[in-house]
Amino acid sequence: MSSSMLEHGLKQDPSATRPGPPLWLLAELTYRCPLHCAFCFNPVDFATQEEELDTEGWIRTLRQARALGSVQCGFSGGEPMLRGDLEELVAEAHSLGFYTNLLTTGVGLNETRAKALKEAGLDHIQLSFQDSTREMNDFLSNTRTFDLKNKVAGLIKEYDWPMVLNCVIHRMNIDHIDKIIEMALELGAETLELANTQYYSWAVVNRDHLLPSRMQLEEAERVTNEYRERYGDRLQIVFVIPDYYEARPKKCMNGWGNVFLTIAPDGTALPCHTARMLPGAAFPNVADHSIEDIWYGSEGFNRYRGKDWMKEPCRSCPESDDDLGGCRCQAFLLAGDPAAADPVCDKSPDRHVVDHAIEKAQSTAMLPTVGQPLIFRDPKESLRLSI
Ligand code: FES
């Protein structure tokens, strides 16, 4: 056991086989964001977590992760463009040999910064839209950003980055799926991610407004397949359906502590971006521990690694290798127990919670009839909901 592991009281991985390295590093540089999306995946209590690692802290983290074997680095947020040192961090990641990816709303990505990011070696940009129409895009983000996003899409092309457009899909924009695909074709995107909302963080708060009906979902998939047939050679369309409509859970994060390492803005290391809400010991911080000790030795990263933690029905399930029990955060949110089977699974004793949400989604009409108004991500709302 290394001396630093002993010093910090970190436990050594009890399993005989050492997991592989954290191939995918997600650097959540900040929770600050000019948008107010009602489905934001940042923690609902983000406003209580204002601290941010400084440049030196991020550079140390990048070096340690790369030395351990990380190969891909995503810079996200919040809005990562709000960090004035983004170019410096990208340049460092690039020089270390990472494949670098920027996940942005587009706000702050002007000509000067695009040029600087290109020179820094940024490999790839994922630009988010909320809808194909100015009205819905601006309504859902509670900002006037539609025109700006179009300009940023132009810059991405001008600087010759491969462009991935990402549009989070839910009951308020799912019927525009054809227009969203056409927008992506017009903007010259190589890939379009039609990412149906998954119900974590702010999307849980607004679930009754966001969960589409089965009919909406089936129609959207049909339309998507039509476009795939017509334009498959120009545009790759990824359509991810909401977990709730599946009968088996996803192998979340490709397994806990298996491939993904998220670093929250304050330096807390997490196996996924919402894990901090789970009960149990606090996750370690990169300011106090090395990435190697965190990844291999911390209790948090070993908590749901592999299968030893499983209860029934997962423990004896012949499919448990395929999904590793699903998502720990979803199990906590829906069943109140992070070690339970993901309630999305139709073998879970808690599946009725998911079915109930789906039933409501079939009968609930659009916005005005839903009891609680749509709550936009906002620091004041964050503080109110965190009490
Ligand atoms: Fe946390 Fe799935 S999102 S384990």
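Helix axes here are lines fitted to C-alpha atoms over the stretch in contact, and angles run from 0 to 180 degrees between N-to-C directions. Helices (H or I, at least four residues) and strands (E, at least two) are DSSP runs, numbered from the N terminus.

This is a predicted model: local features need pLDDT of at least 70, side-chain atom pairs count only at pLDDT 80 or more, and totals for chains, interfaces and linings use all residues. Residues are numbered from 1 along each chain as its sequence is written.

**Helix pair.** The axes of helix 7 (residues 177–187) and helix 10 (residues 214–231) come within 9 Å. They cross at roughly 30°. Helix 7 is therefore roughly parallel to helix 10 (angles under 35 degrees count as such). Contact means C-beta atoms, placed from the backbone, within 7 Å. Helix 7 gives Ile177, Asp178, Ile181 and Leu185; helix 10 gives Ala220, Val223, Thr224, Tyr227 and Tyr231.

**Domains.** An automatic or database domain assignment sets the bounds. Domain 1 covers 24–245 and domain 2 covers 252–348. Their C-alpha centres lie 24 Å apart. In contact are 24 residues of domain 1 and 23 residues of domain 2. These elements of domain 1 each give two or more residues to the side that touches domain 2:

| Element | Residues |
|---|---|
| strand 1 | 24–28 |
| helix 2 | 55–68 |
| helix 8 | 201–205 |

**Record.** An unreviewed UniProt entry lists residues 19–233 as "domain: Radical SAM core". UniProt positions use the numbering here, feature names are shortened, and annotations may be inferred rather than shown by experiment. The end C-alpha atoms of residues 19–233 lie 38 Å apart. The span is 44% helix and 16% strand.

Technical notes
Parallel < 35°, antiparallel > 145°, perpendicular 65-115°, else oblique. Contact = placed C-beta atoms within 7 Å.
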